[in-house]
Each structure stands twice: as C-alpha cells, then as structure tokens.
Amino acid sequence: MTAFFFILQSVPGIGSTVTQALQYAGAYTQPALGFPLEPWRMITSIFMHGGILHLLFNMYALFIFGQMLEHTLGRARYLALYLLAGLGGSVAVDLIASPAQPVVGASGAIFGLMGAFFVIQRHFGGNNIQLLVLVGINLVIGFIPGFGIAWQAHLGGLAVGALIGLIFTKTRNVRQKNTQMLLLVATGVGLIALTVVKAIA
C-alpha cells in the first residue's frame, strides 16, 4: 500500500495533491487554529513518503523487522502493532511539533516495530546490541538540522511500539487473549484521548 501511494505521489499533476490530501499536521486535530478537523490524517500520513530514500529506508526496515514480527505475532497482532505505533507517532507530532508543520512517512510505525522487537527479544533473552545501534543512529539523524525528519514521530512510535511489545509478552497465554485485546484497545483510546486533550487545551 505504501508503494502504491508513493507511485501516486510521483505522478505529475496529481502527486502534490495526493500528498496534501493525506499528510498530517497538528493543525488538523486542533480546531482552534482554524483548519478543517481531519483526524484521519493521523493514519493516512503513515502511508506517505517524502522521497525515494525515505521510502527505501522504511521498506528495508519493514522487510527486516516486519517479516520477523509478523511471523512471531501473527498478521492481526502485527497489523495492530503497526497501526497503533503509526498513530503514536502522529500523536507525538501533535503534542510536540509545530502545528503548521506537515509530516508524512511510516517512520513512526517503523520505529514502533523496532521498539516492539527490542522488548520481545529482551523478554526471550535475545541479543539487542545491533538493534540499539540502529535505533540510536536513526534517532540522532532525526535531530540533525536540514534533514526534514519528524523526530517526534520516531519517539512516539518507538514508545508505543515498546509498550505494545510489553503487552504481547505479558499476555502470551491463550487464556489472556481478551486481556490482550482490551489492553490494545486501551492503548488506542489513550492515544486518542491525548489528541482530544490537546485539541481542547
């Protein structure tokens, strides 16, 4: 889906329109600023990218961590992780970034996958040194001026991904399925609540 949207973004004449229609900025969930209230952009923006290098890095990370996590968690849990981490990245942008600064990219969701992978690997005694180095390098790059990277989305996605990884490790037993689902729903509700609080503040 991400590649499909990138192709649309690259089509002359409609590419910029597609990007503008699906990108996210805090102003779209802060009605007091006078922008139309369009909270769905918090999700649609995670399927967009700012350039080919941005897309390639995210697809590479998705290939590495996505395959392993989908195999470990199953498709439904993996999808829940991806979407909630992406939402977490958008919420962090809403809370921290300038409300007029538009953002696109799956980086929040990708960092969420890495956060979850770290927690799950840690739980089973795996070696996380290389992952920590990879996350550290990419977090630092996000703070370098001129790169135009939404480091807020990275931090938000990483935090939510780690939280969901913890939920998965603590509710592994099949008898805890309902508890796991409730905790995932609570995570989503909590993220939405943060957005609502910001909107009315």
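This passage describes the fold, the last helix and the aromatic pairs of a predicted model. Residues are numbered from 1 along each chain as its sequence is written, and side-chain values use heavy atoms, with hydrogens and water left out. Local features need pLDDT of at least 70 and side-chain atom pairs count only at pLDDT 80 or more, whereas totals for chains, interfaces and linings use all residues.

The protein chain holds nine helices and zero strands, where helices (H or I, at least four residues) and strands (E, at least two) are DSSP runs numbered from the N terminus. Of its 201 residues, 44% are buried, that is, under 20% relative accessible area, with exposed meaning over 50% and partly exposed in between (1.4 Å probe, protein chains only).

Helix α9 (residues 177-200) has 24 residues and should span 34 Å at 1.5 Å a residue, which agrees with the 35 Å between its end C-alpha atoms; the expected span is 1.5 Å times one less than the number of residues. The buried residues of α9, among them Leu184 and Leu191, pack against α3 (41-44), α5 (75-96) and α8 (151-170), a contact being heavy atoms within 4.5 Å.

Two aromatic pairs were found, taking rings of Phe, Tyr and Trp (its six-membered ring) with centres within 6.5 Å, and planes under 30 degrees apart as stacked, over 60 as edge-to-face and the rest as tilted. The rings of tyrosine 28 and phenylalanine 35 have centres 5.8 Å apart and planes at 80°, so this pair is edge-to-face; tyrosine 28 is buried at 12% relative accessible area, while phenylalanine 35, at 39%, is partly exposed.
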